[in-house]
Amino acid sequence: MSIIFSRVRDKANLDKSLELRKKVFVVEQRVPEDRELDEYDNPERLDKDVFHFNVFKDDICISTARIVKEKEVKIQRVCVDKNYRGLGIGLYIMKELHKFIEDSGIKQATLSSQEHSIEFYKKLGYVEIGNPYLDAGILHKKMYLNFPF
C-alpha cells in the first residue's frame, strides 16, 4: 500500500480534507456541519496559523488532520476513512504531525480526544488533563504531549 503524507497548500487539497471530515464527523458521527467546519478551514489561513495535512492512497484522501497555532498548539480534526481504519494510518498521520511539530520548535501540543480514542493517544505519550466534557454531543477529554518526547 503506497501511502503519501502531504501538507495542504491549496484550496483543492483543503477541499479533499473537508470532504473526508464531513464523511467521518458529519455523516458517521452526526456532528452538525456548522460545528464541524469553522474559521480555521478558510484557505486564506493556510500556513499562517493553521496547517492542514492529508494522507493519500492512490490519490484518495484517506486521513486528515490540522494543527492550529495560537496561544497553545492544538492538533484537531484527526480522522481516518472507515475503509482504512485498523491499518496503522492513524498512527502514521500522528507520527508525521509530531515531526512537523518538533521541526517547528514547538514544545507542547494539546488535543481533544473523543472518549473511544483516549487509549490510542496515551500509547503515543499523551497525558489526560481535567475532566471529560461534551463537544457536539460526543464525550471528549483534553490531552497534551511535550516535545521532544
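User: What relative accessible area does Glu72 have?
Analyst: Glu72 has a relative accessible area of 31% and is partly exposed. Buried is the label under 20% relative accessible area, exposed the label over 50%, and partly exposed covers the range in between, with a 1.4 Å probe and protein chains only.

User: Before we go on, what kind of model is this, and how are residues numbered?
Analyst: This is a predicted model, in which local features need pLDDT of at least 70 and side-chain atom pairs count only at pLDDT 80 or more, while totals for chains, interfaces and linings use all residues. Residues are numbered from 1 along each chain as its sequence is written, and side-chain values use heavy atoms, with hydrogens and water left out.

User: Which residue does Glu72 pair with in a salt bridge?
Analyst: The partner of Glu72 is Lys142, with 3.3 Å between the closest N and O atoms. This pair links distant parts of the chain, 70 residues apart: Glu72 is in the loop between β3 (60-69) and β4 (73-80), and Lys142 is in strand β7 (residues 138-146). Lys142 is partly exposed at 29%. For reference, a salt bridge is a side-chain nitrogen of Lys or Arg within 4 Å of a carboxyl oxygen of Asp or Glu. Helices (H or I, at least four residues) and strands (E, at least two) are DSSP runs, numbered from the N terminus.

User: How many salt bridges are there in the whole structure?
Analyst: The search finds 20 salt bridges.

User: Staying with α3, what span does the helix reach?
Analyst: The 15 residues of α3 reach 21 Å from first to last C-alpha, close to the 21 Å expected at 1.5 Å a residue. The expected span is 1.5 Å times one less than the number of residues. Buried positions in α3 include Ile93, Leu97 and Phe100. Just after the helix, Gly105 adopts a positive phi of about 75 degrees.

User: Where is the cis peptide bond?
Analyst: The bond from Phe147 to Pro148 is cis, with omega near -10 degrees. Pro148 is in the segment after β7.

User: What about the largest pocket: how much space lies in it?
Analyst: The largest pocket holds about 980 Å³ of space. Of its 40 lining residues, Phe25, Val78, Ser112, Gln114 and Tyr121 are the closest to the centre. On a 1 Å grid over the protein atoms alone, a pocket is an open set of points where a 1.4 Å probe fits, with protein on both sides within 12 Å along at least five of seven lines; lining residues have an atom within 4 Å of a point. Points are joined across faces, edges and corners, and the volume is the space filled by probe spheres set on them.

User: Which element gives the most to the lining, and what classes of residue are there?
Analyst: β4 gives the most to the lining of the largest pocket, with 7 residues. By class there are 17 nonpolar, 12 polar and 11 charged residues. Ala, Val, Leu, Ile, Met, Phe, Trp, Tyr, Cys and Pro count as nonpolar, Asp, Glu, Lys and Arg as charged, and the others, Gly among them, as polar.
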